[in-house]
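Work through the exercises below with the sequence and the model in view. Each task is followed by a solution in steps.

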Amino acid sequence: MTPSAMRSYFVPIMIETLGEAWTHGVRLTMRCAWGKQLGLKSIRECIYTKELDMETLICTHGAAFPISMLASRLKCPRCDSRRVIIIYSFQRNDLSSKAVGW
Ligand SMILES: [Zn+2]
């Protein structure tokens, strides 16, 4: 198989904005990234995780809002940390549909 033949089997999907993620059925989950350390003392790790509602995100930020900027706009409701990471998952893969919450 030549490299050009291989390329036809692989169609990359570029997802940069909330609108594109919604169109492609991407789910976004926020996870608190606050670790176990606060300075020198060890604190209880925050494991808050929440799937974000795409429609609400688009209503509040707009479809053209870049996903890369989303983490900087979020805050953990449990520990108040602004250290939040975004996890991407695809709807057709139902492995990610396990219930997470408080
Ligand atoms: Zn937290």
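Helices (H or I, at least four residues) and strands (E, at least two) are DSSP runs, numbered from the N terminus. Residues are numbered from 1 along each chain as its sequence is written. The model is predicted: local features need pLDDT of at least 70, side-chain atom pairs count only at pLDDT 80 or more, and totals for chains, interfaces and linings use all residues.

**Exercise 1.** State how many helices and strands the protein chain has, and in which order they come.

Solution. Count the elements: the protein chain has four helices and five strands. Then read along the sequence, which gives the pattern α-α-β-β-β-β-α-α-β.

**Exercise 2.** Find the order of the strands in the open sheet, and describe their pairing.

Solution. Two strands pair if DSSP finds at least two bridges between them. By this rule three strands make up an open sheet, ordered S4-S1-S5, with antiparallel pairing. Strand S4 (49-52) and strand S5 (84-90) are the edge strands, each pairing on one side only. From one strand to the next, the twist averages 30 degrees, where axes are lines fitted to C-alpha atoms, for helices over the stretch in contact, and angles run from 0 to 180 degrees between N-to-C directions.

Next take the pairs one by one. S1 and S4 are antiparallel and share four bridges; Thr 29 has Glu 51 in S4 as its bridge partner. S1 and S5, also antiparallel, are joined by seven bridges, and Val 26 stands opposite Phe 90 in S5.

**Exercise 3.** Decide whether Arg 27 is buried, partly exposed or exposed.

Solution. Locate the residue: Arg 27 belongs to strand S1 (residues 26-32). Apply the cut-offs: a residue is buried if 20 or more other C-beta atoms lie within 10 Å of its own, exposed if 12 or fewer, and partly exposed in between, with C-beta atoms placed from the backbone. Arg 27 is partly exposed because 18 other C-beta atoms lie within 10 Å. For the chain as a whole, buried residues are 7% of the 102 residues.

**Exercise 4.** Find where pLDDT stays under 50.

Solution. pLDDT is the predictor's confidence in each residue, from 0 to 100. Its mean over the protein chain is 81, and 69% of the residues reach 70 or more. The stretch under 50 is residues 93-102. Where pLDDT is low, the predicted coordinates should not be read in detail.

Key
Two residues are in contact if their C-beta atoms, placed from the backbone, lie within 7 Å.
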